[in-house]
Amino acid sequence: MRVLGIESSCDETGVALYDTSLGLLSHAIHSQVDMHQAYGGVVPELASRDHIRRLVPLLRHVLVTANANLESLDAIAYTAGPGLAGALLVGASFAAALAFARGIPALPVHHLEGHLLSPLLARDPPQFPFVALLVSGGHTQLMRVAAVGDYTLLGESLDDAAGEAFDKTAKLLGLGYPGGPALAQLATSGRLGCSQLPRPMLHSGDLDFSFSGLKTAVLTLVRNTELSESMRADLAAEFQEAVSDVLVGKSLAALRQCGLHRLVVAGGVGANRRLRERLDQEATKLGVRVFYPDLEFCTDNGAMIAYCGARRLMAGAMASDQGIFAVRPRWPLQELLAP
Ligand code: KG4
Ligand code: ZN
């Protein structure tokens, strides 16, 4: 079975072709970072309009590089939520129209489930069950994943997600959008231990997170001190370390609670080098294996949507009625039904 995946939930347009026998045949991403940079963040209307411009050329590119054509598609999976309403509608209507024209099913996919299953695209994928640390721009969650569609929420952020905290703190440090990679870059020249930052909820006894206090602590330091370039770098390094400490501590606690030894890290913040380093250090000590998606599949992409759609279709998921589509800008992962 060949499934086309369409991702358009935020500021990346992604298209990919996944074959259930041959694996990922081709994928292409267009990032809108350059366009939104001037505004310091994503402008939803501009995002929607750009998705419209990009989808057809990306689809053409994917089909050509996979040496495939529209006739060879068996289904189309698209991100139906969560995300920006207008941006989601572009991908959903594109997928529904193409599926209708070809007489094949269109399958709505949950964006976070796409992230959650993205490490399964790797050459050496994890076996079920595993604990997943989902760290994206809008979500920080720990899940027990028993199978496709069988997810138990263990803990989540009570306020800002880790990615959001990176983005907001980057702004406080005078860095541009997207903040996470920029802050991580600045942190490479910073020294640890030069400033004191809290590790929020690290010892709370549960698996929930809170990152807004950490951002406020940085705000207080920035307001009260004239920061030199090297002090900004030190602060960036300490912030990254504080977030990593909390994510590592809670992930290990989740593994202990579930009695599991496999951890999967997914979502944009999972691209953070220091977080990976710290997780690998601690995991080795405890005999835990950590699985990451390839770097290009950490942030938003069409491959994870095509893959997720294919897994769901193989498990018997129902596609939407021909030509009918809906998006869910807010869609808790726990509401996702098993296929
Ligand atoms: O998963 P993602 O691409 O989009 C969402 O679904 O939200 O995650 C985007 C988030 C942003 O907050 C971005 O700043 C963060 O991931 N991010 C990073 C890094 N790369 C992306 N945060 C820290 N370090 C990075 N290297
Ligand atoms: Zn995402």
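**Cavity lining**

I sorted the residues lining the largest cavity of this predicted model and got 7 nonpolar, 3 polar and 1 charged. My classes: Ala, Val, Leu, Ile, Met, Phe, Trp, Tyr, Cys and Pro are nonpolar, Asp, Glu, Lys and Arg are charged, and the others, Gly among them, are polar. The lining consists of Ala 96, Ala 99, Phe 100, Ile 104, Pro 105, Ala 106, Ser 320, Asp 321, Gln 322, Gly 323 and Ile 324. Helix α3 (residues 85-102) contributes the most, 3 residues. For the record, helices (H or I, at least four residues) and strands (E, at least two) are DSSP runs, numbered from the N terminus.

I searched the whole structure and found 1 cavity of 30 Å³ or more; the volume of the largest cavity is about 40 Å³. On a 1 Å grid over the protein atoms alone, a cavity is a set of points where a 1.4 Å probe fits but cannot get out, a pocket is an open set with protein on both sides within 12 Å along at least five of seven lines, and lining residues have an atom within 4 Å of a point. Grid points are joined across faces, edges and corners, and the volume is the space filled by probe spheres set on the points.

I number residues from 1 along each chain as its sequence is written, and letter chains from A and number ligands from 1 in the order in which they are written. Local features need pLDDT of at least 70 and side-chain atom pairs count only at pLDDT 80 or more, while totals for chains, interfaces and linings use all residues; side-chain values use heavy atoms, with hydrogens and water left out.

**Second largest pocket**

Next I looked up the second largest pocket, which holds about 330 Å³ of space. Of its 21 lining residues, Pro 108, Arg 312, Met 318, Trp 331 and Leu 336 are the closest to the centre. I count 15 nonpolar, 2 polar and 4 charged residues in this lining.

**Open sheet**

Then I traced 5 strands in an open sheet, ordered β8-β7-β6-β9-β10 with mixed pairing; two strands pair if DSSP finds at least two bridges between them. At the edges I find β8 (150-156) and β10 (289-291), each pairing on one side only. The twist averages 25° from one strand to the next.

I also checked β6 (residues 130-135) against β7 (residues 140-147): they pair in the antiparallel sense over 6 bridges. Val 131 is opposite Arg 144 in β7.

Last, helix α8 (residues 229-258) lies across β6, β7, β8 and β9 (262-266), at about 155° to β6. Axes are lines fitted to C-alpha atoms, for helices over the stretch in contact (heavy atoms within 4.5 Å), and angles run from 0 to 180 degrees between N-to-C directions.
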